[in-house]
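Please look at the sequence and the 3D structure below, and keep both in view while reading. The paragraphs that follow go through one chain, then the place where two chains meet, and then part of the second chain.

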Amino acid sequence: MASSIRVRATSNGDLTEVQTLIQHPMDTGLVKDAKGELIPAHYIQELRFAWNGKDVFVANWGTAVSKDPYVKFSFKGAQKGDELKISWTDNKGASDETTAKIA
Amino acid sequence: MTTHTGPHPTRRLILQGATCVALIGLGSLPFAPARAAANDKYPDEAFKLKNEADAIKALYGRTAEPSDKIKLDAPEIAENGGVVPISVATTLDKVTSISFFVAENPNALAASYKFPDGTIPAVANRLKMAKTSNVTAIVEADGKLYSATKEVKVTVGGCGG
């Protein structure tokens with residue numbers, strides 16, 4: 001199965017800019033389906049970025065994060081070719097992870 | 001070394017005992033609300049609160065003061081409340097976390113980000129907004145809380161119903 005995580009990590013001197021797009025419904029639990037039944041809440045709670053085995057960025061999300069979430073941040077110290085590990089877990093216990101090479 | 005002589009196992013037991021006592025000691029310390037933000041656990045309670053002030057208190061255990069060193073970037077008008085691009089950057093030092101609150105959403109806390117040493121204190125993301133509301137960014141820097149707020153007008157709500 002293709003990963004739910006798409007990452008672009010680009011190094012520019014000492015700084016690495018990371019942009020991530022994740023496929024996830026991010027259901028709030030407040031929306032009704034066509035039959036008028038509530039769609040249960042289903043959302044990513046935690047998203048981690050680790051470089052060299054150390055967290056460089058951690059997101060805690062609620063239901064107000066948009067569907068197919070996007071996030072961008074930057075960190076110092078990494079080199080081109082280094083690997084960045086990205087992982088998420090949602091409120092139903094599902095999870096996914098991927099590794100991206102810094103370009 | 002396959003054989004143990006007398007004193008060693010005893011000493012090990014005593015050391016183990018000491019470690020246990022130390023751990024129990026730590027466990028019984030009162031957990032201040034501020035610890036919740038500092039530790040690694042998902043702040044479930046804070047995400048469930050309706051009111052912004054309550055959510056900030058649950059997450060950080062104190063109140064924030066407005067700061068002009070925070071740049072909160074959000075549209076004046078969001079045509080689609082389901083996808084509102086919001087970003088924040090700050091020149092404050094020793095930033096450890098940045099959180100976003102949407103006052104008029106069913107639950108005020110939208111997202112909270114942790115910034116370890118070496119990560120630039122800036123983040124861009126996309127949030128849902130139920131209706132026109134103030135959006136507040138809280139920056140935790142050097143143990144203190146700072147805030148910036150901006151109103152975003154929403155023409156079509158993003159929380160369904």
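Two strands are said to pair if DSSP finds at least two bridges between them, and strands themselves are DSSP runs of at least two residues, numbered from the N terminus. With that in mind, and remembering that this is a predicted model, one can turn to a pairing that links the two chains: strand E4 of chain A is joined by four bridges to strand E6 of chain B, residues 109–114, and the two run antiparallel. Within this pairing, Ala59(A) has Tyr113(B) as its bridge partner in E6(B).

Chain A, taken by itself, contains seven strands and zero helices, and its C-alpha atoms fill a box of roughly 55 × 25 × 20 Å along the principal axes. An unreviewed UniProt entry annotates residues 6–100 of chain A as "domain: Sulphur oxidation protein SoxZ".

How much area do chain A and chain B bury between them? The value is about 2,400 Å², of which 52% is on carbon and sulfur atoms, and the contact brings together 31 residues of chain A and 33 residues of chain B. Asn60(A), Ala64(A) and Ser66(A) supply 25% of the area that chain A buries against chain B, which is more than any other three residues supply. Strands E2 (15–22), E3 (44–51), E4 (54–61) and E5 (70–76) of chain A each give at least two residues to the side that touches chain B, and E4(A) gives the most, with eight residues. Sorted by class, that side of chain A has 17 nonpolar, seven polar and seven charged residues. Across the interface, the rule finds zero salt bridges, but it does find 17 residue pairs in polar contact, both residues being at pLDDT 80 or more.

In chain B, strand E9, residues 144–154, takes part in several pairings. Strand E8(B), residues 133–141, pairs with E9(B) in the antiparallel sense over nine bridges, and Glu140(B) stands opposite Leu145(B) there. E8(B) and E9(B) form a hairpin with two residues between them, and Asp142(B), in the turn, has a positive phi of about 50 degrees. Strand E1(B), residues 65–66, pairs with E9(B) in the parallel sense over two bridges, with Ser147(B) as the bridge partner of Pro66(B). Strand E3(B), residues 77–78, also pairs with E9(B) in the parallel sense over two bridges, and here Ile77(B) stands opposite Lys153(B).

Technical notes
Residues are numbered from 1 along each chain as its sequence is written. Chains are lettered from A and ligands numbered from 1 in the order in which they are written. This is a predicted model: local features need pLDDT of at least 70, side-chain atom pairs count only at pLDDT 80 or more; totals for chains, interfaces and linings use all residues. Side-chain values use heavy atoms; hydrogens and water are left out. UniProt positions are given in the numbering used here, feature names are shortened, and annotations may be inferred rather than shown by experiment. Contact means heavy atoms within 4.5 Å. Buried area is the accessible area (1.4 Å probe) that two parts lose on being put together, summed over both. A salt bridge is a side-chain nitrogen of Lys or Arg within 4 Å of a carboxyl oxygen of Asp or Glu. A polar contact is a pair of N or O atoms within 3.5 Å; within protein, one must be able to donate a hydrogen and the other to accept it, and residues adjacent in sequence count only if both atoms are side-chain atoms. Ala, Val, Leu, Ile, Met, Phe, Trp, Tyr, Cys and Pro count as nonpolar, Asp, Glu, Lys and Arg as charged, and the others, Gly among them, as polar.
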